[in-house]
Amino acid sequence: MNIGIVCYPTFGGSGVLATELGMALADKDYNVHFITYRQPARLTGFRANIFYHEVRVPTYPLFDYPPYESALASTLVDVVKNNNLDLLHVHYAIPHASSAYMARQILLKENKYVPIITTLHGTDITLVGRDKTYAPVVAFSINQSDAITAVSENLKEETYRSFQIEKDIEVIYNFVDVKRFSKKPIDAFRKVIAPDHERIVLHASNFRKIKRIGDVIQIFKKLNEAIPSKLLLVGDGPERPMAEALCRDLNLCDDIRFVGKQQEMEDIFAITDLFLLPSEYESFGLSALEAMAGGAPVVSTNVGGLPEVITQGENGFMANVGDTDQMARYAIDILKNENSFKKFKANAKHRASTFDITRIVPQYENLYARLYDGFCREKCKEQVVMK
Ligand code: GMT
C-alpha cells in the first residue's frame, strides 16, 4: 500500500509521532511518502521505501504571507497522482486537513478518489483550532475526512465539545518503541551531568507557554533543596529566555543545563531519574511516554490525556496546574527512597509497554485496511458512475 503522510517536520509531538509511524510502516513494507516543508527531524537512516517530497512555497513581493496551504494542496495532487498513493494520512488538522480536502477535490475531477485520515494531536483542537479565525475551516475539513483519529479519549471529547463533528472519532493512542528506548545508561554521560551522584531530572519540550517551563524550574528548586539534583532542559522555543533569566534569578545556573534540541533522546532518557511535565494541557504527553519507556517515573499535571498515561502513585504522580509545591513533594517522594524509586521505575517501564509500537501501529494498519477495502472502493465506484 502507498501511504502519504503529511505532518510538521519539527521535534513537536505530532511530527515525532507521524515520523515514527511512517518509519514503522516502512519496516512493514508499506511505501511511505512524507510530504512536508522540511525533512522531518526524527526521520533518520535510509529505507528504500521511504520517500520525502518537499513542499516549496515560492515567494512573491505581493505575499506578506506566502500561501503554504495552497502549495501543500498542489504538492499533494502531484504526489498522489505520480506515486499512485492509496491514502493520505494527515497529522495535525491545521492546515493539513483542509489542504488534503482541497487536493482530494482536485483529484476527483480526474476521477481519482484518495481517502483522507486526519489525526488530531492536541493544540490543533484545544488552542489554535478553537480560535474563531480558524474554527470554521477546522470543523469543515475534519468533517470531510474519511476517518478521524484522536490521540486520547480526552482529546476526542474535547473535539466533540469544541466543534460540530458528524462522524465517529477513533482513539489511537501515541506509541513508543520500548525496545529502542530501553537503553543502558552511559556511565560517562551520567558522570558529566551529575559528577557527585546527584539525581538527574529532565524536561523536554518546545518551550511554549503551555509547557509552563517556569513551573519546571520552581519544582526543581524545591526538589534540589531536599535532594541534590541536576536539571536537564531539552528543546528550545519562545519561553527559553524567560527560563534562562529565572535560573539566574534563583541562582540555579550551576544545576540546570539547557541542552537544546537533541536527536538521541534514548540516551538522555536512559540517564534520567525523573521526568517533569507540568503543562497547562497535554492531549497525551508523548515525551512523558518516551521517558517512561526509558525507565523514568513522571511528575505532571492532571490535565487532558495525562491521566490516561500516568497512574497516580504507581509510575508517577499528577497534581493541579500551577501547584509546584505539590509536584515538588511528589518528586521528593519518588526519589528519596531507593527501593520505592526502583519500583516506580519498573512500573513506568511496564506502563509504557502497554503503548508499545507493536500494539498501536496495527491499529493504524487496521484503519487503513478498512478504508481501503471497504469504504474507499465504494466511493471510487461512485465517482466513476458520477463521471
Ligand atoms: O506538545 C506540543 O506542543 C507539540 C504538539 C504537536 O502537535 O506537535 O504535541 C501534541 O501532540 C502530541 C502527539 O500526539 C501529544 O503527545 C502532545 O500531548 C500534544 N501536545 C499538547 O496537547 C499540548
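Tutor: F355 has a relative accessibility of 3%, and because buried means under 20%, F355 counts as buried. The model is a predicted one. F355 sits in the loop between α15 (338-353) and α16 (357-386), while Y173 belongs to the loop between β7 (169-171) and α7 (178-181). A search of the whole structure gives 13 aromatic pairs. In the pair of Y173 and F355, the ring centres are 5.4 Å apart and the planes stand at 90 degrees, so this pair is edge-to-face. The two residues are 182 apart in sequence, so their contact ties together parts of the chain that are separated by that distance along it. Y173 itself is partly exposed, at 23% relative accessible area.

F355 also forms an aromatic pair with F284. Here the distance is 5.5 Å centre to centre, with 90 degrees between the planes, and this pair too is edge-to-face. F284 lies in the loop between β11 (274-277) and α12 (286-293), so its pair with F355 ties together parts that are 71 residues apart in sequence. F284 is buried, with a relative accessible area of 0%.

R199 lies over the face of F341, at 4.4 Å from the ring centre. Y8, Y37, Y68 and Y92 form one aromatic cluster.

Methods: Residues are numbered from 1 along each chain as its sequence is written. This is a predicted model: local features need pLDDT of at least 70, side-chain atom pairs count only at pLDDT 80 or more; totals for chains, interfaces and linings use all residues. Side-chain values use heavy atoms; hydrogens and water are left out. Rings of Phe, Tyr and Trp (its six-membered ring) pair if their centres lie within 6.5 Å; planes under 30 degrees apart count as stacked, over 60 as edge-to-face and the rest as tilted. Helices (H or I, at least four residues) and strands (E, at least two) are DSSP runs, numbered from the N terminus. Buried means under 20% relative accessible area, exposed over 50%, partly exposed in between (1.4 Å probe, protein chains only). A charge sits over a ring if NZ of Lys or CZ of Arg is within 6 Å of the ring centre and within 35 degrees of the ring normal.
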